[in-house]
Amino acid sequence: MITLAAELGGMTSTTLTSAGLAVGIGLLATEHVRWWRGGGAPATAGGGKKGGPPASGGGRDPKKLVPFWFGIAFGTLAVACPAGILGTAAGFLRWGGNSVGNLVMDKMTGQTSTAVASASAPRLDGPGALIVTALVITLFLLRKTFAKALKGKFWWGVWAGTLLAIGTGTFAAIGNFVVPGVNDLGAYLLDGVVHGTLV
């Protein structure tokens, strides 16, 4: 059996329940179903009206999923923070997902949730923290330039990211891709800016 999580020594600590995982999967499924249903009709010339403007869109544009998946990546980075506001917020969102999921699971199925993971994404290091800090500052300064719908998709993605990028298996691949990538990018930029080795 192949596991995709990093070694436990390099992980941040957390707990995810089966009910919390169900919430994360539900968020992921809902966003993708909306995307699939929203882009199924092909565009027609003239917008279906004689002499009218061309119809916009048509087809399932993958770019429409970018805000949600960017949110998942950001939620994953929050989980990878060992402390601070982002790490605490990720813990709160995970607790919320576990609690809401457990309530629904108990009422709908009569079953109680169990812990499915006690390890999370690989830990963010110093250079990675540089990238996350710059990202938080950029998002804060540009927050008013984003449409409300994009913000909503982003925040749903953040919540899903705090619930899905945990443990081992398929979903852990998200954390094992995002966090080391950000750590490496931070180290690359730090070397280039401070030591002049950027090529």
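**Reading the terms in this predicted model**

Mentor: Among contacts in the protein between residues at least 6 apart in sequence, 82% join residues at least 24 apart, where contact means heavy atoms within 4.5 Å. This is a predicted model, in which local features need pLDDT of at least 70 and side-chain atom pairs count only at pLDDT 80 or more, while totals for chains, interfaces and linings use all residues. Residues are numbered from 1 along each chain as its sequence is written, and side-chain values use heavy atoms, with hydrogens and water left out.

Trainee: Which pattern does the protein follow along the sequence?

Mentor: The pattern reads β-α-α-α-β-α-α-α, made up of 6 helices and 2 strands; helices (H or I, at least four residues) and strands (E, at least two) are DSSP runs, numbered from the N terminus.

Trainee: Why are H2 and H4 called oblique to each other?

Mentor: Helix H2 (residues 66–80) and helix H4 (residues 126–141) pack at an angle of about 130 degrees, with their axes 12 Å apart. Axes are lines fitted to C-alpha atoms, for helices over the stretch in contact, and angles run from 0 to 180 degrees between N-to-C directions. Angles under 35 degrees count as roughly parallel, over 145 as roughly antiparallel, 65 to 115 as roughly perpendicular and the rest as oblique, and H2 and H4 are therefore oblique.

Trainee: What makes the contact of H2 with H4, and how do its residues divide?

Mentor: Phe70, Phe74 and Leu77 of H2 meet Val132, Leu135, Val136 and Leu139 of H4. The residues of this contact divide into 7 nonpolar, no polar and no charged, given that Ala, Val, Leu, Ile, Met, Phe, Trp, Tyr, Cys and Pro count as nonpolar, Asp, Glu, Lys and Arg as charged, and the others, Gly among them, as polar.

Trainee: Why is Thr114 called partly exposed?

Mentor: Thr114 has a relative accessible area of 49%, and because buried means under 20%, exposed over 50% and partly exposed in between (1.4 Å probe, protein chains only), Thr114 counts as partly exposed. Thr114 lies in the loop between helix H3 (84–109) and strand S2 (115–122), and touches Leu16, Thr17 and Ser18, not counting residues up to four places away in sequence.
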